[in-house]
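Thanks for coming. I will go through a few loop residues, one after another. Please keep the sequence and the model open while I talk.

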Amino acid sequence: MVGRKFGEPTVPRSQKALVQLASIDPIELRNEAKVERCRATRDLRSCGRCVQRVLITCGHAALCEECSQRCDVCPICRVSLLKGGNDFPLRLYYECIEAGLISKMCDDRLLDSKEDGENRLVADVERLYSLFDVALENNLVSLICHYVTDVCMDESAVSSDPIIAFLLDEKVVKDWCRRTFKIILAELQAIYNLTVSEMKTKLSSLLKISSKLAGMSNVLEVLESSFRGHDMNHLQETILKTKQHLEVMMWCIRHQFLENVQSRYSDFASWSSSVRERKSAAVQRAWPDSVSRISESAEQSTSSLFIEDALSNLDTEQGYADKDERELAITSLLTGGGNLFFMSKLHGMAGCYPFENLRSAADLLFLQGNSDLVLAKQAIFLYYLFDRHWTIPRDNWRNIVDDFAVTFSITRHALLESFVFYLLDDHTDEALKEATALLPEIASPNIHPKVAQALLERNIPDVALMVLRWSGRDGGETLVEAVTAVRVRVECGLLTEAFMYQRTICSQIKDKKSKDEMKEPSSSVWLEVLVTEICYLCLRGNILDRIIELPWNSDEEKHIHKCLFDFATSDPSSTAGSLLVVFYLQRYRYVEAYQVDCKLQNMEEDFISKNQDDRISYKVRSMSHWRKGLVGQSVDLLPDVLQQQLKSGNLPEVSVLNPSNENISVKSNFGVTVQEPILGNLLFNAPKVQWEGNGVFAHPLMQ
């Protein structure tokens, strides 16, 4: 008797079945899934038993074991048969059952009844699903992908048999994906409901489920690339989020959800109180936002923490009512059911921080939001870990953060970046000091633009300027970044550099808008916002005398005029109005200076009549008298005809003072060309003006 040689290793039956499954042609996989009846006679009622084996000579599943003993040829191809039906190999489906790869509950060999058409279709589909399940569980996902590309997309693969035609349709693969994902969700829900110690024993099962989810995602990607506009995008997104959440849950289970690691907060209430203090401190130190005052279409800079911005950017999905129920079942994985989900919808993601525990952090971050934002979610998770442990000795928790970084391949740069974001959110001086020490290590062109803004709000503009320099980008990607860059320069005393920066960036935006035809904010909005920001900062720093010396162009002057005039209107006792007059006098524009002075005189007279403080009234009256004399000397240098028109009020208001009439030029208003004064500079020949420390003009004649 010929048998196995001594010492020859035996190959498990399951391995043989898997080798056969891996090597099978995708079109043959469809044939293997189909229930075949014996074709010994044309009238199947005389036999019609289930065919369990294939013929050795041709490989057709055409005869049952009994009929294969009495038939001489294959009823399909008429090839002569060898006797000995019991030695014929089992069909692949039954081989997988015998090998334990498919449950014996799916064995239909004992059910020898004749099914109708609908039951036959269900049986064939279930058999194909079972073979797909075996491929998925044993890392043979490529077989399913080839089934999509080689069978479902093959236009020549057609059949008049409705059962075979359905097996050739991609819908059978889509239905398998939905069915399998539903089963996986049920398994995960059962594991997640266990205790921590019980979940730890299920880590190997969770690892297998993660592999299955990755395989299903690959199948859906092939479906998407093969069939444009397919309706599986929602399922693909849900599978990716489930896999990302599963990976974080496995990490949490390995570390027992940090139950044995001390938190720096005594309880959740104290943690929430600390976060509220940070938010309050951020609001108090926030700068006045001139962007929102200027234009509603401009971007608005809010006084929020890094964690609030990050959570708000997670793009929480909407429209769940329109999605498939099997995709909505992902909410069943949330701790406490769907309550956590609805709380996040009610208060927003930013309102859910601090997370109550590590499980809540994993559920809220990785089961919601777009799956493409997984790196941002991991950064927020790290922020949570830093917030939980920072003041505790590092030996007690540093290994946890390092393990998380290694597990998810997080770079040192990204790790330090999350740490710096937390430190800048923390309102203590100790956190700020450590953050500034780490800034050189994270400085790059991709550094978060809010870092400079946070440093500016913490009153260290020199460090903010260094961050802009280190990044190499120096702001300007968005309007809010450009405003921050201007603020940093002005606060560092670099007013001229701020002026040149706004002119350069506005010129670049104008060229970019003209080429790309981008939407708002337009270049005019950028110009208005940045020039007005510089003006307000100079008002705030009491350095308006420096702003009028800069070489502003005609477009910029409109906003300078508006800013100074509006400020003088709101506070006539300030020097903003007088500086606006000097601004025009320095540029030999005596008509504009006279018109501005007339408006200021009316406002100041009204202010003095209503004001009860004699000291303030004297200050306003002295400033008005000095300015009137200076303007009068300037007007005397104009031609007589122009002087008469100006004093009689017959001269129209120039365009810079009347923004609604921007088409009227200065030359057309005058009717004649204004000659440059004989004096080199009127201000040098006028009585010397002294600037007192209290912001009041002092004229020698008034002393």
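Arg78 sits in the loop that runs between helix H3 (65–70) and helix H4 (92–98). Helices here are DSSP runs of H or I with at least four residues, numbered from the N terminus. This is a predicted model, in which local features need pLDDT of at least 70, side-chain atom pairs count only at pLDDT 80 or more, and totals for chains, interfaces and linings use all residues. Residues are numbered from 1 along each chain as its sequence is written, and side-chain values use heavy atoms, with hydrogens and water left out.

Back to Arg78: its phi is positive, near 65°, and it is not a glycine. Most residues other than glycine have a negative phi, and most peptide bonds are trans. Is Arg78 buried or exposed? Arg78 is exposed, at a relative accessible area of 56%; exposed means over 50%, buried under 20%, and partly exposed in between, with a 1.4 Å probe and protein chains only.

Next, Leu258, in the loop between helix H11 (233–254) and helix H12 (268–285). Leu258 is also not a glycine, and has a positive phi of about 60°. Its relative accessibility is 0%, so Leu258 counts as buried.

Now the peptide bond between Tyr353 and Pro354: it is cis, with omega about 5°. Pro354 belongs to the loop between helix H16 (339–347) and helix H17 (358–366).

Last, Ser573, in the loop between helix H28 (554–570) and helix H29 (576–586). Ser573 counts as buried, at 12% relative accessibility. Beyond its neighbours within four places in sequence, Ser573 has contacts (heavy atoms within 4.5 Å) with residues including Phe607 and Met623.

Definitions and conventions
Helix = DSSP H or I, 4+ residues; strand = E, 2+ residues; numbered from the N terminus.
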